[in-house]
Structure formats: structure tokens, C-alpha cells
Amino acid sequence: MKKICLMAALAALLVGCASPNPYRAPVEDRGGRAPAAEPPGSVIPVEEAPEVQVIPVGEATVIRAQRESPSPVSQTQAVPETLQLQPQSPAVVALLENARSDTGSGDLRTAQSRLERALRIAPRDPEVYIQLADVQRRQGQFLQAEQVALKGISIASGQDSALRRLWTLVAEIRNEGGNSAGAAEAHQRAAAY
């Protein structure tokens with residue numbers, strides 16, 4: 001009798017293990033994503049860009065595309081190769097202003113914290129990289145400051161004024177860090193913009 005009960009318990013255990021698990025972890029399908037709309041900060045070639053209206057908003061410039069058909073451009077007009085869309089959120093604007101104030105009052109840690117938060121919100125905004133690298137430079141964190149500025153340079157392609165400011169900042173960082181040859185190279189690159 002004991003043998004039969006033991007065999008029945010073992011059979012029930014095996015059947016329980018073989019049945020499908022009703023409690024499965026959810027699995028997110030990431031393979032078939034549809035492409036999203038153009039993210040802020042994306043570059044639109046001029047040939048594909050409709051007419052645009054440039055609206056200054058504080059320190060940022062918002063370029064608004066109009067829904068009309070593109071007008072032909074004559075060969076005599078000077079046209080940039082790309083248009084940079086750079087809307088800046090109010091939260092980022094506030095964080096940048098507060099970080100400037102903190103930097104001015106000498107509270108560099110708070111400024112760095114605010115700028116890192118702004119970077120999480122707007123990772124494609126060159127102004128955030130400029131200010132963060134400058135704060136790190138002021139703190140003597142030359143390696144981190146140079147890396148942040150170089151990342152800003154990769155983000156700011158097509159924005160000559162931001163590139164000039166970033167390369168000038170890289171030159172200052174390298175000069176203060178004792179790399180005068182690297183500083184001279186960065187000054188040359190800044191002069192190209």
C-alpha cells in the first residue's frame with residue numbers, strides 16, 4: 001500500500017512539472033518597432049525641408065516648418081546644407097538658468113547636479129553640454145569636462161556657433177589641464193567655425 005501511495009505521489013509530482021506554467025513573465029517585443037516621428041534635434045536636408053519660420057524663444061531658436069509645398073531656391077541664394085530643429089523644453093531652460101545662477105554664486109556642485117538633470121531631459125541639446133563641461137572645468141575635473149565637451153561636439157553637428165563655443169571650451173580645458181599642444185589644435189578647430 002505504501003508503495004502504491006508513493007508511486008501515485010511521484011506521478012502527481014511529475015504531471016505537475018510537465019504541465020504548462022500558467023504564470024509566465026511578460027515579454028516585451030522590441031524587434032518589430034515602427035520608426036518614430038522625427039525626434040527633436042534631428043536634421044532635415046534642405047532639399048526635403050518645407051518653408052520654415054524661425055522664431056526666437058529665449059536663448060533657443062525654434063524652427064517651425066510650414067505645411068506648404070517647398071518653393072524653388074535659385075542658384076544665387078546662399079542656403080545652408082541642413083536645418084537644425086532645436087526646441088528647448090521649459091524645464092531645460094529653467095535648469096540652465098538656475099545652473100548659471102549657481103555657477104555665478106560659486107555653488108558648482110548644485111550647478112553640476114542641475115545640468116546633469118537637464119542632460120537627462122535633453123540629451124541632444126548642445127547648450128547643456130557646454131555649461132556642464134564648463135562647470136566640470138571650473139571644478140578641476142579636466143578629463144570629464146573634455147569628454148562632455150567632445151560629446152557635445154558630436155551632438156552639435158551643423159550648428160556652427162555651438163561648435164565654435166565647444167571647441168573653444170575644449171581648448172580652455174586642455175590648456176588648464178596642461179595639454180598646450182591639444183589646446184592649440186582645439187583653437188584651430190574653433191577658428192574653422
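## Terms and basis

Contact means that heavy atoms lie within 4.5 Å. The structure is a predicted model, in which local features need pLDDT of at least 70, side-chain atom pairs count only at pLDDT 80 or more, and totals for chains, interfaces and linings use all residues. Residues are numbered from 1 along each chain as its sequence is written, and side-chain values use heavy atoms, with hydrogens and water left out.

Helix H7 covers residues 180–191; helices are DSSP runs (H or I, at least four residues) numbered from the N terminus. Its buried residues (under 20% relative accessible area, 1.4 Å probe, protein chains only) are Gly 182, Ala 183, Ala 186 and Ala 190. Seen down the axis of H7, these residues fall within an arc of 100 degrees, so they line one face of the helix; the arc is that of the directions from the helix axis to the C-beta atoms.

The buried residues of H7 pack against helix H6 (160–176). On the other side of H7, Ser 180, Ala 181, Gln 188 and Ala 191 are exposed, a term for over 50% relative accessible area.

## Helices H5 and H6

The axes of H5 (residues 142–155) and H6 come within 9 Å and cross at roughly 160 degrees. Axes are lines fitted to C-alpha atoms, for helices over the stretch in contact, with angles from 0 to 180 degrees between N-to-C directions. H5 is therefore roughly antiparallel to H6, as angles over 145 degrees count as such. Residues making the contact include Phe 142 and Ile 153 of H5, and Leu 163 and Trp 167 of H6.

## Gln 131

Gln 131 belongs to helix H4 (residues 126–138) and is buried, with a relative accessible area of 9%. Leaving aside residues up to four places away in sequence, Gln 131 touches Leu 96, Ala 99, Arg 100 and Leu 115.

Definitions and conventions. Helix = DSSP H or I, 4+ residues; strand = E, 2+ residues; numbered from the N terminus. Expected span 1.5 Å × (residues − 1). Parallel < 35°, antiparallel > 145°, perpendicular 65-115°, else oblique.
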